[in-house]
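Me: Please take me through this structure step by step. I am new to it, and I would like each answer to end on the value or name I ask for.

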Amino acid sequence: MNKSSKKDYEIRIDELIYKMTLAEKIGQVVQLSPSLFGAFGLTPDELIEKLVIGEISPEEFEKIDRNYHEDEIRQGLIGAMGGVIGAEKSNELQKIAVEESRLGIPILFGLDVIHGFRTVFPIPLAEACSWEPELMRETARIAAKEASAAGIHWTFAPMLDVSRDARWGRVAEGAGEDTFLASIIAASRVKGFQGEDLSSDESILACAKHYVAYGAPVGGRDYNTVDMSLQALHDIYLPPFEAAVQAGVATVMSAFNDINGVPCTTNKYLLTDVLRGMYGFDGFVVSDANSVAECAIHGYAEARKEASKKAIEAGLDMDMSKGTFAEDLPSQLEDGTISEEVLNEAVRRILRVKFKMGLFDNPYRTDKDKEEKVILCNEHLKVARDMARRSIVLLKNENEMLPLKKNLKKIAVVGPLADNGTDMLGTWAIVGRSEDVVTILSGIKEAVDSDTEVVYSKGCEIEGDKEEIKKTIEDASDSDVIIAVVGESSEMSGEAASRIDINLPGKQLELLKELHKTGKPLVVVLVNGRPLSIPWISENATAIVESWQLGVQSGNAIADVLFGDYNPSGKLVSTFPYSVGQVPIYYNHPMTGRPAGKIKFTSKYIDGPAEPLYPFGFGLSYTNFEYSNMSLSANKVTKDSKLKVSVDVKNTGKVQGEEIVQLYVYDVVASRVRPVKELKGFKKIMLKPGQLETVSIELDINTLGFHDENMNYVVEEGLFKIYVGPNSREGLEEEFYVI
Ligand code: GLC
């Protein structure tokens, strides 16, 4: 428990600021990373590049000497470090800061713990498809336990960027296209990382990123400019950050992009007026890597010094780079270009977070034994398997092909992602190791009976040409079923991984077509970090299992679904386009005056459908659910009231299953055109065969508003339609009036 009560630490902060030299204050507002001594004759940046593209293995990377800046720590010039991993190393450096520096201010150790630490969970986009906020909170909690045991105090997560553009690689890191769902998930992940008590040894600081609207870059190209109305910004992209602040998030990270011409990192409206003034955020804001300096490249500052000044005066408290604030602030503070009070306020916010974490009273929160006991423990692996199963979305299941029997005579497993550990981890699995992964091939072999023959061949690379597939086709022709595991590598999504096309890379589609010619049932398992355009697969595969990148328990989770040990319950949180030409495409689009239709002069394409391949909220089960008897508690409601919506859901199939009942609303006439549907409630239920449940969802009428042309949040009177169903395209309909 944090011994410093709020009053104490405000006094202690004032005392510290009074004592701190200018250099010590600037040390607090800089986050340094251990710089890599040149190895393999490369510069540190070249090293990182080779690590990212896989030319240097993580194991080799770990062995490279690093400069941990011990001297600067001893001089009290470092307040935070990124990328220090391991209880021993962090305690060693913390000891220098606390016991050898003049004021003994502890260091914050940060790292990208995005979807698990060593126990790597499904990528965030996959977890979101479970529609289980409490389970996502649990996986974030486990990530915090493992990371804190390894000396980490602060994760640069959760990523809260709503995105409607599958070309953008970082769609993998978020919670999809819907603001309502993304806001609920934001709060869950923050609470998971931070726990009930931030000063607990198992809690780590969360960081709501990337503030804001980073997921709406022009062309889907990472880091590109963002231009939108203030109404769209406040209705679609800001709410998950407000939810994170309400959940108590300790830090926020500014985004690389500009919004309407002003970079987020130097944006006073965003960092001060909205985040602190409107939302009441009381933590600190860290830049994204080097994003302060890049404001000069944006052309928003003549030189880097000016960018630094604009950033800290806009409300940016900490610079995530080795040189910008550290080099640009001293002279501007000494000559009064920047007021020292501005610096003091940034330092105050950072020290306040360190006190809230209890770091001054308890700077050494872990040790080697604790680290070894917690990492990858069985309890964590069990949760990883359950989260992975629940993240899977069944997109097609012709003639109830799935689940497969475990005693089939012969199964042909084909594809470049079947016997692959690395690419099951997905993007941002910094500490994850491929040897920790249960591959899909292993999971299948483990699940089937001992006398079932499982034959495997890669068939082709993820990118590049098909191998000689004569033997592959022979084996497939002689099997009872073909399980083809295709998709993307981990590097094809995540940061700086936008794709101009979102088809299956390489020759994988050609491989599927060859397999399809055998006439055998073709089960396609997708491994990918974004929605893909898969019209041929949708038309020709017998079954399609969207498995995303499920982390260390991938193989077991996918086998659980393929062989019926778990009935898939996941639903899409990002629309699957028919073609990349439709992007950006999303379910909650406004009506137009000429909605897409059959006649010429309507909003359609002449060479393809306007509708997506699979809509938001879509996902099949091994059973069926019937919706009936929808009713509302009233047909006229006031703005400050709640409406209870009920519907009967029946399991009309032969096996038990879970259904995510979704509630959408449409404000038919308003002072600004409104989306044809907006998710405003959901409930996940389990039903046994034949069981019927009356599901009730309470609708808070005040959540039906939007920002009007004067930027006031309004709920307008008039007719609203309400839909309840299994996805954003189907369901029962009723209507009510707001009066
Ligand atoms: C990267 C990412 C950000 C990450 C940071 C530290 O550039 O944009 O999400 O947290 O740098 O690794």
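**Ligand, strands and one asparagine**

Me: How far is an oxygen atom of the ligand from an N or O atom in the side chain of R170?
Reply: This is a predicted model, in which local features need pLDDT of at least 70 and side-chain atom pairs count only at pLDDT 80 or more, while totals for chains, interfaces and linings use all residues. Residues are numbered from 1 along each chain as its sequence is written, and side-chain values use heavy atoms, with hydrogens and water left out. A polar contact is a pair of N or O atoms within 3.5 Å, and between the ligand oxygen and the side chain of R170 the distance is 2.8 Å.

Me: How many residues of the shell around the ligand are charged?
Reply: The residues surrounding the ligand include F156, K209, H210, W428 and E495, where being near a molecule takes a heavy atom within 4 Å of it. Asp, Glu, Lys and Arg count as charged. The shell divides into six nonpolar residues and one polar residue, and the number of charged ones is five.

Me: Are the faces of strand 13 covered or uncovered?
Reply: Strands are DSSP runs of E with at least two residues, numbered from the N terminus, and strand 13 spans residues 410–414. Five of its five residues are buried, which means that each has under 20% relative accessible area, using a 1.4 Å probe and protein chains only. In a regular strand the side chains alternate between the two faces of the sheet. Here K410, A412 and V414 are buried on one side and I411 and V413 on the other, and both faces are covered.

Me: Which residue of strand 14 is the bridge partner of V413?
Reply: Two strands pair if DSSP finds at least two bridges between them, and strand 13 pairs in the parallel sense with strand 14 (residues 453–457) over five bridges. Strand 13 is also joined by four bridges to strand 15 (residues 481–487), again running parallel, and there A412 has I482 as its bridge partner. For V413, the partner in strand 14 is Y456.

Me: What is the relative accessibility of N91?
Reply: N91 lies in helix 6 (residues 87–100), where a helix is a DSSP run of H or I of at least four residues. A polar atom of its side chain lies 2.9 Å from the backbone oxygen of T366. N91 counts as buried because its relative accessibility is 19%.

Methods:
Polar contact = N/O pair within 3.5 Å; in protein donor to acceptor, adjacent residues only side chain to side chain. Buried < 20%, exposed > 50% of the residue type's maximum accessible area, 1.4 Å probe, protein only.
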